[in-house]
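Here is a short briefing for anyone meeting this structure for the first time. Take a look at the model, then follow the notes below.

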Amino acid sequence: MDGEARRMQRLIDDLISLSRIEAEKYRAPDSAVDLPGLVAEVVGVFRSSHGDRGREVEMDIAPALPGVQGDRAQLSQLLHNLIGNSIKYGRPGTPIHVLLNEGPGSMARLTVTDEGEGIGPDHLPRLTERFYRVDPGRSRAGGGTGLGLAIVKHISERHQGQLEIKSELGKGTRVAVTFPL
């Protein structure tokens, strides 16, 4: 399969995934998910499969954090999208921090932070729109479909979570998702 065919297949896969998530939007997930274990598993995948950049992924998981009601496959996809974006857009040689701790109330808070170029404030409100790209040429060159953060947003909503994206030009980006425990 050539590069163009791979990009087209990724786009089709992302569109199908987004469609499935939206179809289940009003059906709350009802499985218990060990979120700390899932975070550790996904970070391990990145560390072993993304060379030097993968080894720059750091993880901090609060001890004894309870699980969440969720869809394990969708939460895994959310994690892959967030960490993958940090690897893609963070500055090589700088750490990517993945933090899972207790948030406000009885919430779990997942935060992924990179030290990349950052995103201008005018782009932040549109980041979760389908196909929106801050830098279209760079995103396409990196293999992105423009659907990753839209997928993250819809997975967050299905899990009664809240998505927050903060960024500062020249310093990096922090994406946080809070989920009910």
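At the start of helix α2, a side-chain oxygen of Asp34 comes to within 3.1 Å of the backbone nitrogen of Gly37. This is a polar contact, meaning a pair of N or O atoms within 3.5 Å; within protein, one must be able to donate a hydrogen and the other to accept it, and residues adjacent in sequence count only if both atoms are side-chain atoms. The model is predicted, so local features need pLDDT of at least 70 and side-chain atom pairs count only at pLDDT 80 or more, while totals for chains, interfaces and linings use all residues. Residues are numbered from 1 along each chain as its sequence is written, and side-chain values use heavy atoms, with hydrogens and water left out.

**Overall layout**

- The protein has six helices and seven strands; these are DSSP runs numbered from the N terminus, with helices being H or I of at least four residues and strands E of at least two.
- Along the sequence, the elements come in the pattern α-β-α-α-β-β-α-β-β-α-α-β-β.
- Of the 181 residues, 42% count as buried; buried means under 20% relative accessible area, exposed means over 50%, and partly exposed lies in between (1.4 Å probe, protein chains only).

**Helix α2**

- Helix α2 covers residues 35–49, and its 15 residues reach 21 Å from first C-alpha to last, close to the 21 Å expected at 1.5 Å a residue; the expected span is 1.5 Å times one less than the number of residues.
- Its buried residues are Leu35, Pro36, Leu38, Val39, Val42, Val43 and Phe46.
- Seen down the axis of α2, these buried residues fall within an arc of 165°, so they line one face of the helix; the arc is that of the directions from the helix axis to the C-beta atoms.
- Just after α2, Gly51 takes a positive phi of about 55°.

**Helix α6**

- Helix α6 (residues 148–158) is largely enclosed by the rest of the structure, because eight of its eleven residues are buried.
- Those buried residues are Leu149, Ala150, Ile151, Val152, His154, Ile155, Ser156 and Arg158.
- Just after α6, Gln160 has a positive phi of about 55°.

**Salt bridges**

- The whole structure holds seven salt bridges, each a side-chain nitrogen of Lys or Arg within 4 Å of a carboxyl oxygen of Asp or Glu.
- One of them joins the side chains of Asp52 and Arg55 (2.5 Å, N to O), and both residues are exposed.
- Asp52 and Arg55 are three residues apart in helix α3 (residues 51–55), so about one helical turn separates them.
- Glu164 pairs with Lys166 (3.9 Å, N to O); Glu164 is partly exposed at 30% relative accessible area, and Lys166 is partly exposed at 44%.
- Glu164 also meets Arg174 in a salt bridge (3.6 Å, N to O).
- That pair links distant parts of the chain, with Arg174 in strand β7 (residues 172–180) and Glu164 in strand β6 (residues 162–168), ten residues apart.
- Through shared partners, salt bridges join Arg109, Glu164, Lys166 and Arg174 into one network.

**A nonpolar surface patch**

- Met8, Ile12 and Ile16 make a nonpolar surface patch of about 240 Å²; accessible areas come from the Shrake-Rupley method with a 1.4 Å probe, and for residues only the protein chains shown count as cover.
- Patches are made of residues with over 30% relative accessible area and no salt bridge, joining like charges within 9 Å and nonpolar side chains (Val, Leu, Ile, Met, Phe, Trp, Tyr) within 5 Å.
- Met8 sits in helix α1 (residues 3–23) and counts as partly exposed at 42% relative accessibility.
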